[in-house]
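Here are my notes from a pass through this one. Have the viewer open while you read, and jump between points as you like.

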Amino acid sequence: MILFNDRFVSKEEVHVSMDDRGYYFGDGIYEVFRIYNGILFEKEAHLERLTRSAEAVRIPLPCSLTELERRLERLVALNGINEGTLYMQITRGEAKRAHPFPEDTKPVLTGYCTEVTRPMKAMMEGITAVTLPDIRWLRCDIKSLNLLPNILAKQEAVELGRGEAILHRDGIVTECSASNIMIVKKGTIYTHPANHYILHGITRALILKLAEEASIKVMEQTFSLDELYGADEAFICGTTVEITPIISVDGQPVGNQWDKLKLGEPGETTEVAHVSQPGMITRTLQTALSRYIGISN
Ligand SMILES: Cc1ncc(COP(=O)(O)O)c(C=O)c1O
């Protein structure tokens, strides 16, 4: 079942107009919630961010927050989702194409659930990443439908066979195409301050809380590409990726490295590969997050 404004309908019954401003301009906002054990994880934080995004782009919520919450919970229940995600978006509504806000239009709300399991393999083994310039606008704190720069960056990563694109502005790392990033140096976690250059990740905020509880020092401070390359540990975080270690950046291993010898036949050259594995603090935080979620590792 799909949430379509105030109704729950089949996909075939969802009729969104070609004149929807989401279609013309990406004029809308969205949220992605994680569902664990049939419950919307960090629901209040997501609803709060949705409200902030809506206010920032001046799209009125289609109903009260309590009613919206009721609809989202009903959507999860109707679909019988135990472990998955809920995607929802609100566009400014339907109107003849023109840049200014239309006068008489109602926001259009759509939402659906998908069954998704936790990305155990990536969380255990880590992923590789590529760095790319952050070419986005200056309000990355708004969870807007306009994701072209993110899509382009992710596609470039995919074409290079990498798991994620790490974005930077003039050498300062901001976040990733669809996640936040943190590095660890000498036992301290560094992550970009929650300002207009990054999305204020719900997982990011939770990790900062969990780190504090585990007496791990956190600095909400910018770091450079060189500091990323020289980090002891690095990981991405987000609703679906949770805490996923980064094991190499731009082909260079991150953190814990050792040389792996591949011995050839006598007389042949010996191959040496630098390999990397997820670090201790990353592992500690993964365990803390799993506990918090209520799922043991
Ligand atoms: C650009 C970007 N940054 C960060 C995040 C992580 O945010 P959250 O932890 O709220 O999922 C996302 C999630 O989709 C994202 O798209």
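Predicted model: local features only at pLDDT ≥ 70, side-chain atom pairs only at ≥ 80, totals over all residues.

1. Start with the largest nonpolar core, which has 39 residues. The members that touch the most other members are Ala165, Ile166, Met182, Ile183, Ile207, Ala234 and Ile246. Helix H6, spanning residues 202–213, gives the most to this core, with 5 residues. Apart from this core lies another one, of 17 residues, and Leu3, Leu40, Leu68 and Leu109 are among them. As general background, nonpolar side chains in soluble globular proteins tend to be buried together.

2. Ala165 deserves a click of its own. Leaving out residues up to four places away in sequence, Ala165 touches Ala129, Val130, Leu132, Ala153, Lys154, Glu156, Ala157, Cys176 and Ser177.

3. Now the ligand. Which residues come nearest to it? Gly201, Ile202, Thr203, Gly238 and Thr239 do, out of 13 residues around the ligand.

4. On the H6 side the contact is made by Ile207, Leu210 and Ala211, and on the H8 side by Leu285, Ala288, Leu289 and Tyr292. The class count for this contact is 7 nonpolar, no polar and no charged residues.

5. While you are on H6, have a look at Leu206, which lies in that helix. Is Leu206 buried or exposed? It is buried, because 21 other C-beta atoms lie within 10 Å and the cut-off for buried is 20 or more. Leu206 and Leu289 are 83 residues apart along the chain, and their C-alpha atoms are separated by 8.3 Å.

6. Two residues have backbone angles I'd check by eye. Glu242 has a phi near 50°, a positive value in a residue other than glycine. Glu242 lies in strand E14, residues 242–249, and is buried, with 24 other C-beta atoms within 10 Å. Asp250 is not a glycine either, yet has a positive phi of about 50°. Asp250 is found in the loop between E14 and strand E15 (252–253), and with 15 other C-beta atoms within 10 Å it is partly exposed.

7. Phe8 is found in strand E2, residues 7–9. With 15 C-beta neighbours inside 10 Å, Phe8 counts as partly exposed, since that class sits between the limits of 12 or fewer for exposed and 20 or more for buried. Not counting residues up to four places away in sequence, Phe8 touches Met1, Leu3, Arg74, Leu75 and Leu78. Phe8 and Ala165 are 157 residues apart in sequence, and 36 Å apart in space from C-alpha to C-alpha.

8. Ala77 is found in helix H3, residues 65–79. Ala77 has 12 C-beta neighbours inside 10 Å and so counts as exposed, because the limit is 12 or fewer. From Ala77 to Glu213 is 136 residues in sequence and 33 Å in space, C-alpha to C-alpha. Thr117 lies in the loop between strand E6 (108–115) and helix H4 (120–125), and is exposed, with 7 other C-beta atoms within 10 Å. Thr117 and Pro149 are 32 residues apart in sequence and 27 Å apart in space, again C-alpha to C-alpha.

Definitions and conventions: Residues numbered from 1 in each chain as written. Core = buried A, V, L, I, M, F, W, Y, C linked by C-beta atoms within 7 Å. Helix = DSSP H or I, 4+ residues; strand = E, 2+ residues; numbered from the N terminus. Contact = placed C-beta atoms within 7 Å. Near = placed C-beta within 6 Å. Nonpolar A, V, L, I, M, F, W, Y, C, P; charged D, E, K, R; others polar.
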